[in-house]
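Visitor: Please walk me through this model. I would like to learn how to read its features one by one.

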Amino acid sequence: MQDTDRPHEPAALVDAEAHSAGFRQVREARRLELVEDYVELIADLIGDGGEARQVDIAARLGVAQPTVAKMLKRLAEDGLVQQRPYRGVFLTEAGRTLAAEARERHRIVESFLLALGVSPDVARCDAEGIEHHVSGETLEAFRRFTAARTDA
């Protein structure tokens, strides 16, 4: 039997504290993922057409307008957006900051995937999910890797 034919031994179970810390990080990333997606999209819509309307947000996210209305209420309560009657949704300073941070994380992850040889369409889609689940340390490693390849 060759080494490659042997079944792999399962990895040793990490201690409970490290294990729970990993799950806490994932839960927090999931909680923030939707918020970041909304503020990033709102910023994009405002940048493209001057305003972000509930109907446009729903169409872009592929969800119903009541779903968007509920989330916009939450974002307003969190101080990230302001809703103006008959005028759409606008980001507060905190919302603009969060959107810019999310966009930069997306850019770094997408650039990293492209540097690995992933096709542009797949890199864009994959970055959309990955950007929310990488630590600052990993993101910085992605940035350094991409910068080193660009400088070479």
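Guide: The buried residues of helix 3 are V68, M71, L72 and L75. They span an arc of only 105 degrees around the axis, so they sit on the same side of helix 3. This is a predicted model: local features need pLDDT of at least 70, side-chain atom pairs count only at pLDDT 80 or more, and totals for chains, interfaces and linings use all residues. Residues are numbered from 1 along each chain as its sequence is written, and side-chain values use heavy atoms, with hydrogens and water left out.

Visitor: How are the terms "buried", "helix" and "arc" set?

Guide: Buried means under 20% relative accessible area, exposed over 50%, and partly exposed in between (1.4 Å probe, protein chains only). Helices (H or I, at least four residues) and strands (E, at least two) are DSSP runs, numbered from the N terminus. The arc is taken from the directions that run from the helix axis to the C-beta atoms.

Visitor: Which exposed residues does the face of helix 3 turned away from its buried side carry?

Guide: That face carries P66, K70, K73 and E77.

Visitor: What span does helix 3 reach from its first C-alpha to its last?

Guide: The expected span is 1.5 Å times one less than the number of residues. Helix 3 (residues 65-77) has 13 residues and reaches 18 Å, close to the 18 Å expected. After helix 3 comes G79, with a positive phi near 75 degrees.

Visitor: Which residue has a positive phi although it is not a glycine?

Guide: Y86, with a phi of about 65 degrees. Look for Y86 in the loop between strand 1 (81-84) and strand 2 (88-91). Its relative accessible area is 87%, so Y86 is exposed.

Visitor: Now contacts. Is L45 buried or exposed?

Guide: L45 is buried, at 10% relative accessible area. L45 belongs to helix 1 (residues 16-49). Contact means heavy atoms within 4.5 Å. Leaving out residues up to four places away in sequence, L45 touches G50, E51, A52, D56, I57 and R60. Take R60: L45 and R60 are 15 residues apart in sequence, and their C-alpha atoms are 9.7 Å apart.

Visitor: And what does H106 touch, not counting residues up to four places away in sequence?

Guide: H106 touches E40, R124, A127, E128 and E131. H106 lies in helix 4 (residues 93-115). With 10% relative accessibility, H106 counts as buried.

Visitor: How many salt bridges does the count come to?

Guide: A salt bridge is a side-chain nitrogen of Lys or Arg within 4 Å of a carboxyl oxygen of Asp or Glu. The count comes to seven. One of them pairs R53 with D56, the closest N and O atoms being 2.9 Å apart. Both are partly exposed: R53 at 38% relative accessibility, D56 at 24%.

Visitor: What separates R96 and E93 in helix 4?

Guide: They are three residues apart, so about one helical turn separates them. Their side chains meet in a salt bridge (2.9 Å, N to O). R96 is partly exposed at 42%, whereas E93 is exposed at 53%.

Visitor: Where do R144 and E140 lie?

Guide: Both lie in helix 6 (residues 136-151), four residues apart, about one turn of the helix. Salt bridges that share partners join E140, R143 and R144 into one network. The side chains of R144 and E140 meet at 4.0 Å, N to O. R144 is partly exposed at 48%, and E140 is partly exposed at 30%.
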